[in-house]
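Hello,

Here is the structure I promised to pass on.

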Amino acid sequence: MSIVPERRQSIFQKMERALLRLSSGQQAASVHHFRTTNRRLQTLLEQVLPARDHNQKKLLKMLDRIRKRAGKVRDLDVQLAALRSLKVPQEPRRKTQLMHNLIELRVKHEKKLQKLLDKGTIHEIHKRLKRASREVKLETSGDALAAARAILAGVVRPAGPVTEDVLHQYRIVVKRARYAAEFAPRSAEGSQFLAQLKRLQDAVGNWHDWLTLTNTAAKQLGDVNQSTLVAALYNVTRGKFRQAVAALTASTAIQSSPRAAAVSSERGPGHSAKLVVKNPAASDTAETAA
């Protein structure tokens, strides 16, 4: 399935609007929208289209710098949202203290993000976006759905129980696979595939949000033996981990991966090989929540 022309065109327009919205204010919604739109554009240019020219490479580099800085803000937004949703009686003062610390840190990273959004940078990105939109040749594009499956197949899943490292890798590639599949023409196969990816992305992403908050709390308040709040967070995170593992195990989108099936048949029970990413371009271990 090739690329739908309207979706290819709209992603450039959406990127322009997301950048303007972010430059006007760094609210949680605008930060999140910018990052997800940026990732969709990056997936189109790096995974679906056959090659990138100099302008597209420069465009992605400029956007990537902003996205990484916005990721620091987004990371804190998801932690704040998770902490606000935590309804436990343990250590209310420490919970308030943690909340204030996260808010202060967000303000710090928001100011750093603002410095990157100067008028000159915004103007140059807009010019490069318009140029890239004109130069994209759909007749040379690949199969978007096949590209999505190839992204998933780039992760080698060792035999044995699912580990946090495995979930981290899938957290990254499932998002990119979903974004690639979104460029494909509508079909029953594509819709089912996208629905599975979204469910898996939500489950793994939710686990990662709570894991990040738990790690932050542990650094500030001590481990589970020193803080009942941290212990409560740890219990929630373990529950989210089990839900994410269940979603990964139940996903036919992952199970149907040719590479995953091959690895499963090649390795016997108890194999403890580390997770290997076949395509480094599909991995970003430092990526925060999108």
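Arg-131 and Glu-135 pair up through their side chains in a salt bridge, 3.0 Å from N to O. The term means a side-chain nitrogen of Lys or Arg within 4 Å of a carboxyl oxygen of Asp or Glu. This is a predicted model, where local features need pLDDT of at least 70 and side-chain atom pairs pLDDT 80 or more, while totals for chains, interfaces and linings use all residues. Residues are numbered from 1 along each chain as its sequence is written, and side-chain values use heavy atoms, without hydrogens and water.

Arg-131 and Glu-135 sit 4 residues apart in helix α5, about one helical turn. Helices are DSSP runs (H or I, at least four residues), numbered from the N terminus. Arg-131 is partly exposed at 39% relative accessible area. Glu-135 is partly exposed too, at 27%. The cut-offs: buried is under 20% relative accessible area, exposed over 50%, partly exposed in between (1.4 Å probe, protein chains only).

Shared partners also link Arg-40, Arg-178 and Glu-182 into one network of salt bridges.

Helix α3 (residues 54–85) holds another pair. Lys-68 bridges to Asp-64, with the closest N and O atoms 3.4 Å apart. They are 4 residues apart, about one turn of the helix.

Glu-16 forms a salt bridge with Lys-130, at 3.5 Å between the closest N and O atoms. Glu-16 is in helix α1 (residues 5–24) and Lys-130 in helix α5 (residues 119–135), so the bridge ties together parts 114 residues apart in sequence. Glu-16 is buried at 16%; Lys-130 is partly exposed at 46%.

Best wishes

Note on methods
Helices (H or I, at least four residues) and strands (E, at least two) are DSSP runs, numbered from the N terminus.
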